[in-house]
Structures are given as C-alpha cells and as structure tokens.
Amino acid sequence: MMATRPNLVRDVAIAAVALIILLLLPYVWPSKMVNDLIIRVSAFALFATSLNLLVGYTGMVSFGHGMFFGFGAYAFGLSMQRLGVSIPMAFLITVVSSALLGLVVGAISIRLKDIYFSFITLAFQMLLYSTVIAWVPLTGGDQGLMGGIPRPPFLGIDLSIEAHRYAFAVTIMVIGLLILRQIVESPFGYTLRMIRDNSERATFLGINVFRAKLTAFVIAGVFGAIGGMVMALFVSGAYPEFVNWTMSGEGIFMIMLGGLSTFVGPAAGALILSLLNDVITRGTEHHGLFLGAVILLFALGLRKGVTDFVADWFRLRREASSRSGS
Amino acid sequence: MNLAALTDCLTSASCLVTQTTSGLIIGMLLFLVAAGLTLIFGVLKVVNFTHGSFYMLGAYLALTVNGLTDSYFLAVLAAAAGVGLFALVFERFFMSKVYGSNVLMQLLVCYAFILILDDAVKIIWGPEFKSMGMATVFQKPPLFIAGGIVPVFYLFLIIVTLILSLVLWLIITRTKFGTVVRAAAVNPSMVSALGINTGLVYSGVFVLGGMLAGLAGGLAAPVRSLTAGMGFSILIESFIVTVIGGMGSIAGALLGSIMIGLVRSFGSIGFPLFVEGLMFLLMAIILILKPSGLLGKEG
C-alpha cells in the first residue's frame, strides 16, 4: 500500500511547512485580530473539509452538517463543565459520541437518495436544534452554554493562555486536514469517488455502497465535531447558532466558494467567508442582506470556486507551455 | 411526558373536538404550503427552499393590508397576489438561471434569498414579534360543539382551506393548464416538442405555488405571531410532510399535513416538550418502512 503512495511524504512535508508557518506567524505579525481569525478559520476549515468528503468526494449533499459542528461544541463543553474531565478525555468523548451520532443519523439518512438525503439530514439537524433550545437545564436553551468552559492545563499545554490556544487550534487543524487528505487519497477515497460517479458500477464490483457511504458519513461527522470543539474552546462556550441550519448553509457556501474539486478548496472557502463575514459585520447591521447578495453574485455570476480558477489557470499555462515547447 | 393528560383528552368529547379542530387548522395551512412545494418539485425537480419565506411574506403583507384597509379579505387577497408576483420575479430572474446546474447552486440561490428576505422583513416591519389580532369580521363568540370550544375563525379556516384544496385538485385534473403541468412533470422534452412553452409552464407552477404559500401566510396571520424566522420552521414542516406523503404527490401532501397537524395538536398534550421530536420520529418510521413516502411512486 505504501508503495502506491509516494504522495504521503509530500503531504506530510506540506503539512509540516504549513504548520511551521502558522506557528511562527504570531511572532512575525503579532496581532490579536489575526490570531482570532486564524483560530476561527481552523474550526471552519475542519468543518468545511469534512463536509466536502460527503459533497465533493461522495456526492452526498448533506444539508445538516452543522449538526455535527454544534454537537461537537456542546459535547465538548458539557464534558468539561459537567464531568470535570481533562481536555484530552473530553476530546475523546466528543469524538466517540459524534461518531455514534453519525452512525445513527447516517444509518437512517443514507437510505435516501439525492435531495431526500439533503432533507432528512437537515431535519435531523433541526431536531437537535430544537432539543438544544428546549432542554434548558442542560444546554442553557437559547442563551447557550454559559459560565465558560474550564480549561485545565494538560501535558504542559495551558489553553487559557492565548498563545497556547492558537498553537493548539492550528495544530489540530493541520493534523485533521492531513488525516482527511490521507483518507481521500486512500483506496477508500477512490471508492467514494466511484460511488459518486457511478454507484451501480461500484455495486457490481462488489462494493458495499451503503457501508462505504456510512463510513464516510461517520468520518465527516467526527471531523465536523472536532471543528465545533475547536470553536467551543475558542469562544469558551457553545451557542445554539452552532446547531442552527445557517451553519450548514455557510458550510455549503464555503466549499462552493473555495471550490469543491480541490482538496484545499473548502479550507480556502472557510478563510474567504470568515474574512467576508468580518467585513460585513463591521460595515453594516444588515448581515443577512449583504451576505445574501454576495452569495447571489457568486451563484449567478462566478459559478466556480476560487481554487477552481487557480487550478484552471495552472492547467492553461501548462498546456500553453507544452504547445510552445513542441 | 404526560400520558394521563393525553388519555383524559382522548376520552373526553370536548377535548377531542378542540384538539381535532386545532390539529386540522395546523394541518390544512401546512398543506397549502406543502402542496406548492411538492408541485414545484414534481414538475421542475427543483426544491424551493425559499417556500417558507413565501409564507412569511404572505403573513406580513396581510398584516400591512389589514392595518391599512381593515378588510381581512383584501388582506388575504393581497397576500396571495403579492407573493405570486414575487414568485414570478424570483423564478424568472433567479431560479431559472440555475435549473441546469447542480443542486448545490439551487440551494445557494435559495439560501441567499432566505437570508435576504429575513433581513428585509426585519428592516421593513421591525425585528420584534408582530401580532395581527383577530380580524374584525370574526370577532364573534365561539361555537360550542359537543362541549368543545371552536372559534368561528377556525371553522372559516377549515372550510376555506378545504375549498382551496378542491380548487387546486380541479386545476390539476380538469384544466388544460393542469394537464400540461402533469405532462411536463413526466416528460418535459415531449411537452416542449408539442409546441408548448415549458418555460411558461414552469413560471406558472412557481406562481401557483407562491400564491398558495402567500394565501397560507395571510390566512394564518390572525392566529400566529409574526417573526422573521417563521418561514423556516414551516419550511421544515413542509419537508416532513412531503417526505411522509411522497415528493411530488399532492394527495400525499394532504395526508401528510393532516397527520402532522394531529400529531402536533395531540402531541402538545401528551409530550409538550417533544412535539417536534414526534414529527421527526413519524417521518423516520415512514422513511424506514417506505422510503418513497406513503403515496410516492417507487424508485
């Protein structure tokens, strides 16, 4: 298996360089605003890239992926507040419980195809949302998880210190994306692409399509929940907006904006949308009006993600140079 | 959970009457929204995620017109006409541009419109909850049926929505437009080859669906509190209804709506905190037993 993956070394090298750059950035450019932005983008990059495992690679348009983001934030926050466990333990609880959630929701939803799948995932998300709103004693209802999430130090890492928090968030993000990249480039990843392109053919080749889709759904859910966990650590709380449908809408917009045909597209989209949201929030009270207008411009005007344009540009340049060379 | 209260209600005639009428109202208003959604999907194979916002727009239009003219009937008419017009613009200038592209683009366009309309409502009518109050025509003492209290307006709502359903059924089954619509749902290229302008049919279906949602919003305005988020909650319920009844099936939407209406009204007595959960549970069970919905076509 390793022989077929010469790219593993390359991927690890790229990830290491990216991580070093991100870790050095606060020393080169000390700005709390930039730090905060990158932490938020880390959370959203995990969220969007995991969603793209479903949408881009498997062709399953989940419109309820925000459910996992919110669930991760609440599961982590509640474990820390109520159980008083260490951060690694709460991380483990979040991963296991979100995998279980993905297993149950996925086992029901994957029976449905196309738009029905989008509906039912959205419906499950709204069920979770209304539970969060209604179960006030546990979740704080529409006020969110109040009182702050305790951040006891572990292994010499103290997440109440801002620099540690930043380093922790970008490390989790880079490792998470590296793992997702390995999944996408593995034989399993190519099975998912085949299911997307021709699921009947996959069935004829003896692939258990249901099981492969369910596995992808669970993996995506777990990484979406890790994104939510990073967010909860950052804001020291969890809020109903994390579970609301707009989260799923933003996730879809992120992967479309960045481009769903490249691996880093969704992460790029997470960065662009976060910047955009900051600008809109600072410039106007009418957030929905302006974000909606930008989305319309994108959907009716650009129609392609930013990294798609970059990839096209490289391809055209390569073709041009090969023509002039021959 | 309060099963004792539920059994008490089910054995008392007055409570049965009250809860059944309120369930029917929830169900019939939901049907008007869900019928448009399922009709648009059946013909265009497009899911109109903004359909809930159409309903919201109808309710707010009715609020304003009722305030200006003090005529509830004018208010409901304005809601239907206004939303129908809006649906026409929305379909012609925005939705029709993304018919050919993938479902993600359609989703994005709808998502953008939900954001814009919610914000527009906040700007025009204010962010706080609005209440229209009972229309002056219906400020009459309630009826007592078998000991149960039934406001006159409730009776009016049930009758009007039933008539509307009948009219919709006649349009779909007895008119030329209905025949073309049904044909376009099955084979749009054949319809087009017969010299019928399918673009016009698509617009017509969108306008019809929009008018139904606007009507539902206008009719619901006196008995609901109006807020910018009201469109999305009815959208989710309409999804549940169409999935239960079978996408594209109007009869299925009627069946699903009444089921959801009754589940909501009786569920609020037995399981006050888990009413939403009950609906999702019902949907999950039906999907597992019959993935295409109760009256949906297989495959």
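Is A:Gly265 buried or exposed, and how many other C-beta atoms lie within 10 Å? A:Gly265 is buried, because 26 other C-beta atoms are within 10 Å, where a residue counts as buried with 20 or more such atoms, exposed with 12 or fewer and partly exposed in between, all C-beta atoms being placed from the backbone. The model is a predicted one, in which local features need pLDDT of at least 70 and side-chain atom pairs count only at pLDDT 80 or more, whereas totals for chains, interfaces and linings use all residues. Residues are numbered from 1 along each chain as its sequence is written, while chains are lettered from A and ligands numbered from 1 in the order in which they are written.

A:Gly265 belongs to helix α12 (residues 265-283) of chain A; helices here are DSSP runs of H or I with at least four residues, numbered from the N terminus. Apart from neighbours within four places in sequence, A:Gly265 is in contact with A:Ile255, A:Gly258, A:Gly259, A:Leu260, A:Gly305 and A:Thr307, a contact being a pair of residues whose backbone-placed C-beta atoms lie within 7 Å.

Within chain A, the axes of helix α2 (residues 32-58) and helix α7 (residues 162-185) are 9 Å apart and meet at an angle of about 15°, with axes fitted as lines to C-alpha atoms over the stretch in contact and angles running from 0 to 180 degrees between N-to-C directions. α2(A) is therefore roughly parallel to α7(A), since angles under 35 degrees count as roughly parallel, over 145 as roughly antiparallel, 65 to 115 as roughly perpendicular and the rest as oblique. By contrast, helix α4 (residues 87-109) and helix α10 (residues 209-235) of chain A have axes that come within 8 Å and cross at roughly 140°, which means that α4(A) is oblique to α10(A).

Turning to the two chains together, 29 residues of chain A are in contact with 33 residues of chain B. On the side of chain A that touches chain B, α5 (114-134), α11 (245-258) and α13 (287-302) each supply at least two residues. B:Leu108, leaving aside its neighbours within four places in sequence, is in contact with A:Ile252, A:Phe253, A:Met256, A:Ile295 and A:Ala299.
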